[in-house]
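User: Hello! I am new to this structure and would like to learn how to read its pockets and its ligand site. Could you walk me through them?

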Amino acid sequence: MSTAAIIPAAGLGLRLGGETPKAFREVGGESLLVHAVRGLKAATAADLSCFVVAVPPGTEEAVGKELEPYAGDARLLVVPGGAERADSVRTALDMVPVDGIDCILVHDAARAFVPVEVIERVVAAVRGGAQAVVPVVPVTDTIKRVAPTGEVVDTPDRSSLVAVQTPQGFDPAVLRRAHAAGVVGATDDAMLCERLGVTVMTVEGSPDAFKVTRPQDLLLAEALLAERRLA
Ligand code: C5P
């Protein structure tokens, strides 16, 4: 049994600015997507046998050529992404082989520097029987719910809040069922599972699995990479 990884990388990354889609932005001379694929492949305990990457339509061939050397012995499929993240994941999910896969990871290209231990923790939890698993970190800000008119509605107890990262891991049948049911506005795949009544388990994430979203995140990513290269 082995793991398949879906990488949604079809977003434009408007908050990051620039002309290039976010997954193709470079850190340390390589694209976020290359870093993401290399990172997943380095998680040897995950036994990755297949990558399905969703990219901006029209870039499939070029991305396939760029990623091939990093996929190693794993199968690499590149598909055109959709309008929303969930559409990109759904298109990729349709390409994941049904036989021989006991865990599907869904990993944002923008979280290119997730440590190997986090990936392996997620896969181990799925193999240990969890149907859906998310890596989480505590929130450091106080979070408030705000009405459309701008007033604060309430302040949830911070000790019960976490920020959710990727890769998220799933029992393949559960993820297929969750995407078939669909939910408008779902921002992650675990949310689709929650709506089905599936229990989503948490494992410890990492600050290094931050999502490259704003220009300053590229600086942070450069610093993190430089530190890793020295280690
Ligand atoms: O926009 P956001 O940063 O939440 O996107 C998370 C991930 O989903 C990114 O890796 C992005 O490339 C991907 N995405 C996608 N298809 C879309 C929108 C986002 O694959 N239509």
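This is a predicted model: local features need pLDDT of at least 70, side-chain atom pairs count only at pLDDT 80 or more; totals for chains, interfaces and linings use all residues.

User: How do I read a pocket, and what volume does the largest pocket have?

Analyst: Rolling a probe the size of a water molecule over the atoms shows where empty space is left. On a 1 Å grid over the protein atoms alone, a pocket is an open set of points where a 1.4 Å probe fits, with protein on both sides within 12 Å along at least five of seven lines; lining residues have an atom within 4 Å of a point. A volume is the space filled by probe spheres set on the points, which are joined across faces, edges and corners. Here, the largest pocket has a volume of about 1,100 Å³.

User: Which residues of its lining are closest to the centre of the largest pocket?

Analyst: Of the 41 lining residues, Arg15, Arg85, Asp108, Thr187 and Lys211 are the closest to the centre. Helices are DSSP runs (H or I, at least four residues) and strands are too (E, at least two), numbered from the N terminus. Helix H3 (85-93) and helix H6 (189-195) are the elements that give two or more residues to this lining, and H3 has the largest share, 5 residues.

User: Where does the ligand sit, and which residues come nearest?

Analyst: A molecule sits in a pocket if more than half of its atoms lie within 2 Å of its grid points. The ligand sits in the largest pocket. A residue is near a molecule if one of its heavy atoms lies within 4 Å of it. Of the 15 residues around the ligand, Pro8, Ala10, Gly11, Lys22 and Ser88 come nearest.

User: Which protein atoms lie 2.8 Å and 2.9 Å from an oxygen atom of the ligand?

Analyst: For a polar contact, look for a pair of N or O atoms within 3.5 Å. A backbone N or O atom of Ala10 is 2.8 Å from a ligand oxygen atom, and a polar side-chain atom of Lys22 is 2.9 Å from one.

User: What about the second largest pocket?

Analyst: The second largest pocket has a volume of about 190 Å³. Among its 13 lining residues, His35, Gly39, Ala112, Phe113 and Arg228 lie nearest its centre. H1 gives the most to this lining, with 4 residues.

Note on methods:
Residues are numbered from 1 along each chain as its sequence is written. Side-chain values use heavy atoms; hydrogens and water are left out. A polar contact is a pair of N or O atoms within 3.5 Å; within protein, one must be able to donate a hydrogen and the other to accept it, and residues adjacent in sequence count only if both atoms are side-chain atoms.
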